Amino acid sequence: MPVNSCVPGPELIGHIADLARLEWTPGATAAAAKRFGWVPDGSRTSSYATNTGHHVLPEWFGGPDDADTECMIPFCYYYEPDDFDAELQADGLSGNVEWLAGYHSGDPGWIFDREAGRSGFDGRWRAAVDAFGERLGEPETVVRDEKGDRPWNYAAWRCGGNAVVVGQCVDNGSYMTFEQALIWVGPHPADEPFPTGEQFALRLEC
């Protein structure tokens, strides 16, 4: 049950913390991305490639004129092979596991672990939460979505009128084949409660 991951380090976490403390007026996020050295990325559905091997979603984030509503930076993908994968392997054909192994292969810092399992997926989420905690302090909320076959975890911090969330959800970019862990940053009123685990799952899907 493989995992492909690049857990955020101090450089990316610093940029995310700076981004979360901005007032997201038109052009502010684009100026921040330029200051961070993020490079406009037209090769995927993302808007920028960071210096740390990560990609910033969605593709229209950081426009010069429009006020943004959110951005997401995936740092881990998880896949549970099924019988079809076993059939492909028996026939000497490549499948989703091989596709995941090659995903982000051209980006620095990404590590593919074929035997990681769900505990490895959760462990990389926890490592990211701990790393953000060193910069932002203890998260205001840590919740778990227990519904369905996939228990997912979330931690969230307030940064003025914005929030940073480190969580797990389905990866819509793979047509829900993979699960992912990502960083979500966006406006969140200071007096608005944080969502439940189930609501976080819907907010973070990309």
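Reader: Which helix is Arg124 found in?
Author: Quick note on ground rules: this is a predicted model, where local features need pLDDT of at least 70, side-chain atom pairs count only at pLDDT 80 or more, and totals for chains, interfaces and linings use all residues. Residues are numbered from 1 along each chain as its sequence is written, and side-chain values use heavy atoms, leaving out hydrogens and water. Helices are DSSP runs of H or I, at least four residues, numbered from the N terminus. On that basis, Arg124 sits in residues 117–136, helix H5.

Reader: Is Arg124 buried or exposed?
Author: Buried means under 20% relative accessible area and exposed means over 50%, with partly exposed in between (1.4 Å probe, protein chains only). Arg124 has a relative accessible area of 19%, so Arg124 counts as buried.

Reader: Which residues does Arg124 touch?
Author: Contact here means heavy atoms within 4.5 Å. Leaving aside residues up to four places away in sequence, Arg124 touches Val3, Ser5, Val7, Phe75, Cys76, Asp113 and Ala116.

Reader: How are H1 and H2 oriented to each other?
Author: Axes are lines fitted to C-alpha atoms over the stretch in contact, and angles run from 0 to 180 degrees between N-to-C directions. The axes of H1 (residues 10–20) and H2 (residues 28–36) come within 11 Å and cross at roughly 155°. Angles under 35 degrees count as roughly parallel, over 145 as roughly antiparallel, 65 to 115 as roughly perpendicular and the rest as oblique. H1 and H2 are therefore roughly antiparallel.

Terms used: Helices (H or I, at least four residues) and strands (E, at least two) are DSSP runs, numbered from the N terminus.
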